[in-house]
Amino acid sequence: MTTNKITIMGSIIIIILIISIPTAYYVVKNYQNNLYRVVEEKIIGAAKKCYYENVCQDEKITLEFLYEKDYLDEISNPVTKEYYNPSSYVLKEDKTFVFYPVE
């Protein structure tokens, strides 16, 4: 094989790697973010239901309270597969609910 052919093949392989590695990273990161968003929406939905049914009176609603009142089954982190700490909470700020995981 001549040096010219080796250079062309090496260049093609490098170009393919330069395109495919960031693309694969973007796809995986986007997938993980979607998993987190779905779990957070489920937790926030349970907290809203509890709050609007006047069972949860505080602005800070813990997962432990939602588990005890059967608004939610135990939830795990979708990426690490570890259960969220029961001390994690949903905080009602004005008209929005925000989930804060506690490590």
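**Exercises on two loops and a helix**

Asn54 sits in the loop between H1 and strand E1 (60–62). Helices (H or I, at least four residues) and strands (E, at least two) are DSSP runs, numbered from the N terminus. The model is predicted: local features need pLDDT of at least 70, side-chain atom pairs count only at pLDDT 80 or more, and totals for chains, interfaces and linings use all residues. Residues are numbered from 1 along each chain as its sequence is written, and side-chain values use heavy atoms, without hydrogens and water.

**Exercise 1.** Describe the backbone and exposure of Asn54.

*Solution.* 
- Step 1: check phi. For Asn54 the angle is near 60°. That is a positive value, and Asn54 is not glycine.
- Step 2: check exposure. Asn54 has 56% relative accessibility, so Asn54 counts as exposed (buried under 20% relative accessible area, exposed over 50%, partly exposed in between; 1.4 Å probe, protein chains only).

**Exercise 2.** Locate Asp70 and work through its phi and exposure.

*Solution.* 
- Step 1: find the segment. Asp70 belongs to the loop that runs between helix H2 (63–68) and strand E2 (89–93).
- Step 2: read phi. Asp70 has a positive phi, near 60°, in a residue other than glycine.
- Step 3: assign the class. Relative accessibility is 70%, so Asp70 counts as exposed.
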